[in-house]
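Have the model open while you read.

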Amino acid sequence: MTDLDKKSLSERDICTKFITPAVKRAGWDELSQIREEVGFTKGRIIVRGKLVTRGKAKRADYILYYKPNFPMALIEAKDNSHPVGGGIQQGLEYAETLDIPFVFSSNGDGFVFHDRTGRSEQREVELALNSFPSPETLWQQYRAWKGLAPSQEEIVLQNYHEDASGKEPRYYQRIAINKTIEAIAKGQNRLLLVMATGTGKTYTAFQIIWRLWKAGLKKRILYLADRNVLIDQTMVNDFRPFGKTMAKLSTGSKTIERADGTVVDLSLAMDKKHRRIDTSYEIYLGLYQAITGPEESDKLYRELSRDFFDLIVIDECHRGSAAADSAWREILDHFSSATQIGLTATPKETAYVSNIHYFGKPLFTYSLKEGIRDGFLAPYKVVKVHLDLDIAGYRPTKGEVDKYGYEIEDRIYNQKDYDRNLVIDERTKRVARKVTEFLKESGDRFQKTIVFCVDVEHAARMRQALINENADLVRQNDRYIMRITGDDAEGTAQLGNFIDPEAKYPVIVTTSRLLSTGVDAQTCRVIVLDREVGSMTEFKQIVGRGTRVHEDTKKYYFTLIDFRKATNHFADPDFDGEPVQIYEPGEHDPVAPPDDLPPSADMDDPIPPKPAEDERVVVDPVTPDITIQPSSTQPRKYHIHGEEVSVIAERVEYLDEYGKLVTETLRDYTKKTLRKRYAGLTAFLKQWNSAERKQAIIEELEQEGLLLEPLADEVGKDLDLFDLICHVAFDQPPLTRRERAENVRKRDIFTKYGKQARAVLEALLQKYQDEGVTSLDDPQILKIAPFDAMGTPIELLKTFGGRSGFEQAVHELQSALYQGAA
């Protein structure tokens, strides 16, 4: 084929006719080792008010695997109008994300090869089309780079478990699994994996255990957790392939329903009568509470020899295993010869407890921010509600008694005291009312909601207050609102229904700490914080209750309603994954956030204010069901009834281009930022008048975090964005849109156009006057009223001699609008 013919081919033709054949000739198997157009992210979920879109997923042209789930090379393809190395930089970016060592670029003429291991004589070389390296060649380079001995190589290449349903690890899970297997093969015995809530830690753990077990390196394995629900879910779901080799360290038999509706009885490894451990199993799952305790007779794990387990995996290891005096730690110390892997979303580092001190630095980390950016986790909005009583505090009058007759200690009580030392009934009712108002305003009162309270007693009172606010729905089903706390057997029994996407009830649950970690509440759309959250670890865990995406029910984001300033943790540099919007309603404002605020700025990955062409709408705002959607004579708490509580004045907080809260007024912030960008009015006017597309300037400013539409509302004048900028930043007297439009009409600049073209231009001028539209030159505007009644877009463009003529006419119109501004 001649060069001319090759240059006429598409990128896909180049792949089919040149790249794939060259790779196959080098010995790569097309069925088992070559994958084309491999998507490895889901596409970021972008929330703009009630409109939800997904950004474009990242996709590699080729990934070559030495074995399944063991990627060795990445090829970025380009058509022949690009140089042979035209795709290498994009390939390197993808390879860094995917942890792939060898990168190639090709346009069909040959390959550019980049060795990320650094072991080749030259880091980057050009190869002929017939010189692509074989799988064995790249494997030997990889093996030498990693320093793998033959025995280690066998473990590293042990197969994954293949799911009949086609489920396979996500890219970051694969990296975590492969890094862990390699580290253990090389003799590392303490490992820490940090993965955000909702990113599949349990499935990751399963594949690690499966491969080590199948390789014969680890023959008896213990999986530890601290909640029964975590063990049960794991046994019937991710760990199901272990079958009869697996049992639970418990004396209580239980029947569990799987996700597919089938029912299974959990195998037990403990004799109920004698409380002895059956040692014939290979995979054990257990609660540390079941095998240890304060008394010597409780420490059942000591029945087993110190070398009984080869591998121990500790789920949610931040909850105590790293503390030297914890119950988990005594188990780990007993089986100290075993390889131990800690899994957590939030490693704990304090003066007393350190995951890193015990396990070492994390072998792999996948953060909340990364999960949101990749589209695997749901972003969220924050509603901050400030009650007057929380701000001012409460001081009893001299000799005041509570409703039970106890005299209240004379001091100032503040937010930290409420519901812990002092109960104010009206405050509880106000919180319940605000939560209910939010659900009503959203249009969907059946959004699964968790309300976090100070303690179980507070959770009981909050349940009652919510029932009284939602009496109509409680009348239909008394499980609409329930308390789920450790001391409430009836409520705890409904936990499975709450987290089941198919179960309608319960809808709203009140709790203290039981639901803060580990519970897989996929469809939870609202999280309410009416207790302080002092720990960053716990705050991240609570946020994690809502970050799971559930596409079947169109749950793509959630809302966090904060009554206790818990979201101040956003200001902590250790917190990642900022909210998309923060809203603070006043007493008479809607509780639900407004829909017209733009998404927050993201310095690393900016979100355009309007959907881009490569975004896919996943939730249309007109769809109604997805709108956001010790004993003493003194009492432990004083109870006050009848105190009035109200919400203080509204304040909406915005984020700047670095994701930080803007604390000055929006007008002052905009003025300062614009004067930093433009040396003066002359510099701004020069750019404005030279720009063919005025909208491009507006888009640039909005992408830098300038919120021009909310600013226009604050200024309160009928100005277009040009006059708004000149007025706010440079103190210029503005003209309203009507005044600018009338000046154009007086000059009668449309006379050179035909009748229909003049009608289009006059309608555009009216649209500018009424709506302040700046993207007048976008032909898409011709699809909407009133233009759709004048003719099709193609017919209307023809009246200007085509698209270029239309754009020129609109640019003349815009020049006339701003004539005299220079």
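Is strand β18 (residues 380-384) largely enclosed by the rest of the structure or exposed, and why? In this predicted model, β18 is largely enclosed, because 5 of its 5 residues are buried. Y380, V382 and K384 point one way from the strand. K381 and V383 point the other way. Both groups are buried, lysines K381 and K384 included.

**Strand and helix**

β18 has a partner strand. It pairs with β24 (residues 558-562) in the parallel sense, over 5 bridges. Within that pairing, Y380 has F558 of β24 as its bridge partner.

Helix α19 (residues 536-543) is mostly covered too, with 7 of its 8 residues buried. The buried set is M536, T537, E538, F539, Q541, I542 and V543.

**Salt bridges**

The whole structure holds 32 salt bridges. Side chains of opposite charge can pair when their charged atoms come close.

| Lys | Glu | Distance, N to O |
|---|---|---|
| K146 | E182 | 3.5 Å |
| K429 | E426 | 3.5 Å |
| K752 | E812 | 3.1 Å |

Take K146 and E182, which meet in a salt bridge. This pair links distant parts of the chain: K146 sits in helix α4 (residues 135-146) and E182 in helix α6 (residues 171-185), 36 residues apart. K146 is partly exposed, at 22% relative accessible area. E182 counts as buried, because its 10% relative accessibility is under the 20% cut-off.

Next, K429 and E426. Both lie in helix α14 (residues 425-442), 3 residues apart, or about one turn of the helix. An α-helix has 3.6 residues a turn, so residues three or four places apart point the same way. K429 is partly exposed at 31%, whereas E426 is buried at 17% relative accessibility.

K752 is exposed, with a relative accessible area of 56%. E812 is partly exposed at 29%.

Which residues are linked in a network of salt bridges? They are D390, D419, R427, E457, R461, D530 and R564.

Conventions:
Residues numbered from 1 in each chain as written. Predicted model: local features only at pLDDT ≥ 70, side-chain atom pairs only at ≥ 80, totals over all residues. Heavy atoms only, no water. Buried < 20%, exposed > 50% of the residue type's maximum accessible area, 1.4 Å probe, protein only. Helix = DSSP H or I, 4+ residues; strand = E, 2+ residues; numbered from the N terminus. Pairing = 2+ DSSP bridges. Salt bridge = Lys/Arg side-chain N within 4 Å of Asp/Glu carboxyl O.
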